[in-house]
Amino acid sequence: MQKALIPIFAAASAVLTLTPGAVLAQAPSDADRYAYGPHMMWGGGWYAMVFGPLFMILFLAVLIAAVVFLARWAGGPWQTTVPPHHAPPGRTPLDILKERFARGEIDKDEFEERRRVLGE
């Protein structure tokens, strides 16, 4: 008895599957909806052809600027306000020379010569 039900279920599922397509095939066509007409390019629709890419570029530029602004805002202030190649305020060239001498980078003769050149 089960073998007799298999073709019936197959036929029923085929009918249920194909019925919506058959119904839609009988529906009236709305192909005119996609037809070209005077409202398209030939009747003044060229504005979209000219301004469409420009607005796309403008939109992308604004989007990128917003992302950069948000990334800088979320990052907070810069950690160092003084560039690393400048001496911090209050340090004189003589202070730097004394530090180099204390670290052993220069010897006593070089220290005296450079101090004399600096005018100290």
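The questions and answers below go from the whole chain to single side chains.

Biologist: What should I know about the model before we start?

Modeller: This is a predicted model, where local features need pLDDT of at least 70, side-chain atom pairs count only at pLDDT 80 or more, and totals for chains, interfaces and linings use all residues. Residues are numbered from 1 along each chain as its sequence is written, and side-chain values use heavy atoms, with hydrogens and water left out.

Biologist: Which pattern does the protein follow along the sequence?

Modeller: Helices (H or I, at least four residues) and strands (E, at least two) are DSSP runs, numbered from the N terminus. The protein has 4 helices and 0 strands. Read along the sequence, the pattern is α-α-α-α.

Biologist: What share of the 120 residues counts as buried?

Modeller: Buried means under 20% relative accessible area, exposed means over 50%, and partly exposed lies in between (1.4 Å probe, protein chains only). Of the 120 residues, the buried share is 4%.

Biologist: How are α3 and α4 oriented to each other?

Modeller: Helix α3 covers residues 93-103 and helix α4 covers residues 108-118. Their axes (lines fitted to C-alpha atoms over the stretch in contact, with angles from 0 to 180 degrees between N-to-C directions) lie 10 Å apart at an angle of about 175°. Angles under 35 degrees count as roughly parallel, over 145 as roughly antiparallel, 65 to 115 as roughly perpendicular and the rest as oblique. So α3 and α4 are roughly antiparallel.

Biologist: Are the rings of Phe101 and Phe111 stacked, edge-to-face or tilted?

Modeller: Rings of Phe, Tyr and Trp (its six-membered ring) pair if their centres lie within 6.5 Å; planes under 30 degrees apart count as stacked, over 60 as edge-to-face and the rest as tilted. A search of the whole structure finds 1 aromatic pair. The centres of Phe101 and Phe111 are 4.8 Å apart and their planes are at 25°, so the pair is stacked.

Biologist: Which side chains does Glu105 join by polar contacts?

Modeller: Glu105 is in the loop between α3 and α4. A polar contact is a pair of N or O atoms within 3.5 Å; within protein, one must be able to donate a hydrogen and the other to accept it, and residues adjacent in sequence count only if both atoms are side-chain atoms. The Glu105 side chain makes one at 2.9 Å with Arg100, and one at 3.0 Å with Arg103.
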